[in-house]
Amino acid sequence: MSKSKMKKKVLAANTPPEEPKQKTKQKAKQKRERKKWTKMRDFQYIKPVKLLPGFRTGKHWKRIVALVYFSLTPFSLVLRFGEAMPYFGVFVFITLLTLPFMICSFATYMNTRDKFYAKEALIAAAIFAADNIALTYCLNNILQQLQP
């Protein structure tokens, strides 16, 4: 046997056998997979912005939707409920601000079971409830003033 044939035999004996295609596909899939939910401390943003729903994950489309939502929400402050209730927009504004915190925090809590998100959803729900109670109280007062 020649030296080159002997080298090839030795190299073939020392190299591990090739992995089946299924294992390589699984490894490639694992490399492509990313975590659906990232922790807030891992995300690099300005600290107050990093607390807003939509800016917690690294998804660009979520950031754009959140930016549009949070920039259009202040326009609800100019809403009026006739002449009787000129500050109706304040109630709508608070409701619009608390909804993403309730919905997104609850959804994140269901996926991660992180207590931070549960607390955040409960705080947002409490603010939402207080806002609705105040709105109901104001509307009842207006209705009582309108009755003869």
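**The helix pair and its surroundings**

Reply: C138 has a relative accessible area of 27% and is therefore partly exposed, a class lying between buried (under 20% relative accessible area) and exposed (over 50%), computed with a 1.4 Å probe on protein chains only. This is a predicted model, in which local features need pLDDT of at least 70 and side-chain atom pairs count only at pLDDT 80 or more, whereas totals for chains, interfaces and linings use all residues. Residues are numbered from 1 along each chain as its sequence is written, and side-chain values use heavy atoms, with hydrogens and water left out.

C104, at a relative accessible area of 32%, is likewise partly exposed. The structure holds 0 disulfides, a disulfide being a pair of cysteine sulfur atoms within 2.5 Å.

The part to look at closely is the pairing of helix α5, residues 88–112, with helix α6, residues 115–146, whose axes come within 8 Å and cross at roughly 155 degrees. Helices are DSSP runs of H or I with at least four residues, strands are runs of E with at least two, and both are numbered from the N terminus. Each axis is a line fitted to C-alpha atoms, for helices over the stretch in contact, and the angle, from 0 to 180 degrees, is taken between N-to-C directions. α5 and α6 are therefore roughly antiparallel to each other, since angles over 145 degrees receive that description, while those under 35 count as roughly parallel, 65 to 115 as roughly perpendicular and the rest as oblique. The crossing of α5 and α6 is left-handed, meaning that the near helix is turned anticlockwise from the far one by less than a right angle. The residues of this contact divide into 18 nonpolar, 6 polar and 2 charged, where Ala, Val, Leu, Ile, Met, Phe, Trp, Tyr, Cys and Pro count as nonpolar, Asp, Glu, Lys and Arg as charged, and the others, Gly among them, as polar.

Within α5 lies T95, which at 18% relative accessibility counts as buried. The side chain of T95 makes a polar contact of 2.7 Å with the side chain of D131; such a contact is a pair of N or O atoms within 3.5 Å, of which, within protein, one must be able to donate a hydrogen and the other to accept it, residues adjacent in sequence counting only if both atoms are side-chain atoms.

In the loop between α4 (60–72) and α5 sits F75, exposed at 58% relative accessibility.
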